[in-house]
Amino acid sequence: MESLTALEARVAAQREDLPEMYGKVDFTITPERFAGGLDDPCMQLNENDRKERTRLLSNPETVARARAYTMLGDATSDAYAALMPEYGFRGLIAMLTEACDKGVENVADAPRELVAFIREMEATPDWIDMSMIEEGARVSRNPTANLAPFVVRGAFVATFLNKYSALPMAMTGTLSHETAVRRIKETASFFTTTSLPGALERFGTGFKAAAMVRLMHSMVRYNILRSGRSWDVATYGIPVPQVDQMPAGTIAVFLLAFQMIREGRMEFTPAERAFVEFNRYRCWLLGLPEDLLPTTPQGIYEAMAVYSGTLRDGYDDETCGALVRATMAAYFPSDRSLKSRIFNALERVFARVYFNRAFLRGDKTGKAKLMGVQLRPYDFPVFIALGIFVFGREKLYGLALRIPALRQATDRRLIRKIDRLLVEYGHAEYTTDASKYKDETIRSAQARAA
């Protein structure tokens with residue numbers, strides 16, 4: 001694990017190493033979004049979480065580390081994104097695509113920032129157990145094919161619960177239904193792609209998708225910090241810090257760890273262990289450091305507890321609520337056939353209930369009603385009926401995967417289902433155009449905060 005001193009030095013060095021991007025950022029401040037005091041309102045939702053938060057934040061080093069990660073971008077990818085004035089964002093995408101497909105050594109006149117970016121992703125650290133990655137991908141294919149299409153909307157909406165972390169998404173135009181669909185399909189496409197055989201190998205499609213996602217996040221940071229828009233670092237910290245990517249990247253293993261702790265289980269089964277290692281490697285490819293990718297159920301739970309326990313509670317309906325409503329109202333299927341319309345309606349109900357149960361558990365603030373995602377009388381019966389089908393099908397596939405004579409045929413069927421899902425999601429662009437950012441979104445959000 002990196003020492004606190006080294007981590008804080010790495011955070012401070014961003015201003016000197018990349019002045020064109022971070023030159024105006026004061027890394028000595030503690031932004032308003034950081035709720036490091038025990039009495040600060042945070043994103044914790046129940047009594048057990050609050051007790052755990054008190055225990056964890058009583059350690060000054062834990063608080064200092066969490067604060068540092070709040071101000072940490074992705075130095076390697078950021079440096080490449082900062083070349084946009086010279087190459088244009090399409091030029092950067094084209095060179096990165098070529099480097100992923102052919103090797104960076106085969107990119108003509110590749111800038112050193114691109115070389116560093118690719119070499120960093122190629123340098124798999126010793127703490128990643130590559131022998132488990134492919135097995136973990138295999139384990140993930142069943143939930144990816146059968147469960148993910150019904151929960152991706154609800155899980156995506158969960159990232160909009162907090163105004164401090166959601167504002168960059170609002171600025172990039174995600175408040176519209178059309179953009180919400182594109183962003184969700186890009187996210188779903190990434191996670192779905194990485195579950196395919198060999199996808200996370202050096203020249204696999206998942207490796208390439210991870211590189212594109214990293215660059216997209218860096219482009220967001222660059223465009224917000226350098227485009228003359230009035231981003232308030234003292235309030236929001238830096239846009240899309242690395243720590244904000246942890247919940248989306250590790251949500252599946254967090255829910256697994258949380259369930260295990262409730263059951264009193266503290267050791268992963270071999271299949272669970274492989275699934276965890278697969279997720280850790282995928283997150284590492286996205287640029288997350290080892291410190292944010294623990295290996296035990298308790299460690300995973302604590303990492304998420306520190307994150308949510310140091311993210312100041314804040315809800316802005318014009319940011320959070322608008323993002324949630326746009327996402328929940330969006331039409332996902334690629335056509336308007338009767339089958340697709342029925343699926344969209346059922347999936348939206350499933351996502352609504354899943355979101356309320358998984359992410360607003362114990363909600364006593366009326367946030368669901370304020371957001372417009374409160375449960376309706378018929379939602380839960382539909383969820384139960386659909387859940388019997390969805391979870392029942394997943395369990396049947398799981399049973400078939402445990403039978404040696406059926407394992408390979410079942411896995412091939414899952415791969416075909418995933419291929420069809422990827423066709424439905426369409427081609428992911430993984431780009432962010434500064435010309436489409438919403439100046440009025442950030443101005444109004446900061447005015448309301450004041």
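This is a predicted model: local features need pLDDT of at least 70, side-chain atom pairs count only at pLDDT 80 or more; totals for chains, interfaces and linings use all residues.
Visitor: Why is Arg413 called partly exposed?

Guide: Its relative accessible area is 44%. Buried means under 20% and exposed means over 50%, with partly exposed in between. Arg413 therefore counts as partly exposed. The residue is found in helix 21.

Visitor: Which residues form the positive surface patch?

Guide: Lys339, Arg412, Arg413, Arg416 and Arg420 form it. Helix 21, residues 404–425, gives the largest share, four residues.

Visitor: Which residues make the nonpolar surface patch?

Guide: Leu396, Leu399, Ile403 and Leu406 make it, and the patch covers about 360 Å². Leu399 is found in helix 20.

Visitor: Why does Leu399 count as partly exposed?

Guide: Its relative accessibility is 44%.

Visitor: What makes Glu186 and Arg183 a salt bridge?

Guide: The N to O distance is 3.2 Å. The limit is 4 Å, so this pair qualifies too. Both residues lie in helix 11 (residues 177–193), three residues apart, about one turn of the helix. Glu186 and Arg183 are both buried.

Visitor: How do you know that Arg265 and Glu272 are joined by a salt bridge?

Guide: The closest N and O atoms are 3.0 Å apart. That falls within 4 Å, so the pair counts as a salt bridge.

Visitor: Are Arg265 and Glu272 buried or partly exposed?

Guide: Arg265 has a relative accessible area of 28%, so it is partly exposed. Glu272 is at 15%, under the 20% limit, and therefore counts as buried.

Visitor: How many salt bridges does the structure hold?

Guide: It holds 27 salt bridges. There is also a network of salt bridges, which links Glu105, Arg119, Glu122 and Arg202.

Visitor: Why does Glu394 have no salt bridge?

Guide: The nearest side chain of opposite charge, Lys395, is 6.7 Å away. A salt bridge needs a nitrogen within 4 Å of a carboxyl oxygen, so Glu394 has none. Yet Glu394 is buried.

Visitor: Where does Glu394 lie, and what is it in contact with?

Guide: Glu394 lies in helix 20, residues 379–401. Leaving aside neighbours within four places in sequence, Glu394 is in contact with Asn142, Pro143, Asn146 and Leu147.

Visitor: Why is Asp17 called exposed?

Guide: Its relative accessible area is 59%. Exposed means over 50%, so Asp17 qualifies. Asp17 lies in helix 1, residues 4–17.

Visitor: How many residues apart are Asp17 and Asp379 in sequence?

Guide: They are 362 residues apart in sequence. In space, Asp17 and Asp379 are 52 Å apart, C-alpha to C-alpha.

Definitions and conventions: Residues are numbered from 1 along each chain as its sequence is written. Side-chain values use heavy atoms; hydrogens and water are left out. Patches are made of residues with over 30% relative accessible area and no salt bridge: like charges are joined within 9 Å, nonpolar side chains (Val, Leu, Ile, Met, Phe, Trp, Tyr) within 5 Å. Accessible areas come from the Shrake-Rupley method with a 1.4 Å probe; for residues, only the protein chains shown count as cover. Lys and Arg count as positive and Asp and Glu as negative; His and the chain ends are not counted. The place of a charge is taken as NZ of Lys, CZ of Arg, CG of Asp or CD of Glu. Helices (H or I, at least four residues) and strands (E, at least two) are DSSP runs, numbered from the N terminus. Buried means under 20% relative accessible area, exposed over 50%, partly exposed in between (1.4 Å probe, protein chains only). Contact means heavy atoms within 4.5 Å.
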